[in-house]
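Biologist: I would like a close look at one part of this model, described with care.

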Amino acid sequence: MKLKKFFITAAIALGVALPATAATEGVDYEVLPVEVTPIYKDKIEVTEFFAYWCPTCAYVEPFLSKHARTFASDTIFRQEHIVWDEERDLGFARLAAAVKQTGAGHKANSAIFNAVVEQRINLSDVDKLAQWLPAQTTFDGKKVWDAYNSFSNLPAAKQMGDWTTQYNIKSTPTVIVGGKYHVLFTEKGGVEGGMKTIDELIEKVRQERGMSKPAPKAAPVPVKSWGARLVEAANK
């Protein structure tokens, strides 16, 4: 909640104020002990680990989703729901996987965050979810419900749990760039400063990999696995 408070304070007091210098290790980001292999070998992945029950995640989500639309064609945005406690989190991870499978994206996530964080509706409860989804008007809730009940949904949610462990996620939201750089949102920079750090880390990874200058706008990428299909759907 302290993180949410300084984000809100920074947004009101500082507006779009950004750090004046380039991202600094230990201040704006930290390096993961072990680099994680990406789903897309030829892409720079920006991966957010979040939880639908996390108020700070609800606050950051619209900023991050909007910023992701500015990413170049060599960069892809992933959103993965953490699974720390299966009894509490697996149902939410299944819902997040269904959102990704249908490409419902920000519209669905915004409504889900509002229901869980503001209205205190436990959408990890399948009975409550079955009633809530068809009643939605801002996105196709029936389509998401069908995806939730598809054979591929549970494996996708369990994969999120595996990634939670593999990336050693300890808090939410956590943003990882290139499978190796953990973005540290600071009180000085606020949310906008965090977006700037993400951009600088993307460029850092691009240079480290010797990648050529990308096209100015994202282009479709080939789908090679069910995991890749989920990421592609989330980026539409």
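Biologist: How much space lies in the second largest pocket?

Modeller: The second largest pocket holds about 240 Å³ of space, a pocket being an open set of points on a 1 Å grid with protein on both sides within 12 Å along at least five of seven lines, and a volume being the space filled by probe spheres set on the points. The model is predicted, so local features need pLDDT of at least 70 and side-chain atom pairs 80 or more, while totals for chains, interfaces and linings use all residues. Residues are numbered from 1 along each chain as its sequence is written, and side-chain values use heavy atoms, without hydrogens or water.

The elements giving two or more residues to the lining are β1 (29–31) and β4 (174–177), strands being DSSP runs of E with at least two residues and helices runs of H or I with at least four. By class, the lining divides into eight nonpolar, five polar and two charged residues.

Turning to charged pairs, the whole structure has 11 salt bridges (a Lys or Arg side-chain nitrogen within 4 Å of an Asp or Glu carboxyl oxygen). In one of them R206 meets D74, with the closest N and O atoms 2.6 Å apart; this pair spans 132 residues, from helix α8 (residues 190–208) to the loop between α2 (55–68) and β3. R206 is buried at 10% relative accessible area, and D74 is buried at 7%, where buried means under 20% with a 1.4 Å probe and protein chains only.

Key
1 Å grid on protein atoms, 1.4 Å probe; cavity = no way out; pocket = protein on both sides within 12 Å on 5 of 7 lines; lining within 4 Å. Nonpolar A, V, L, I, M, F, W, Y, C, P; charged D, E, K, R; others polar. Buried < 20%, exposed > 50% of the residue type's maximum accessible area, 1.4 Å probe, protein only.
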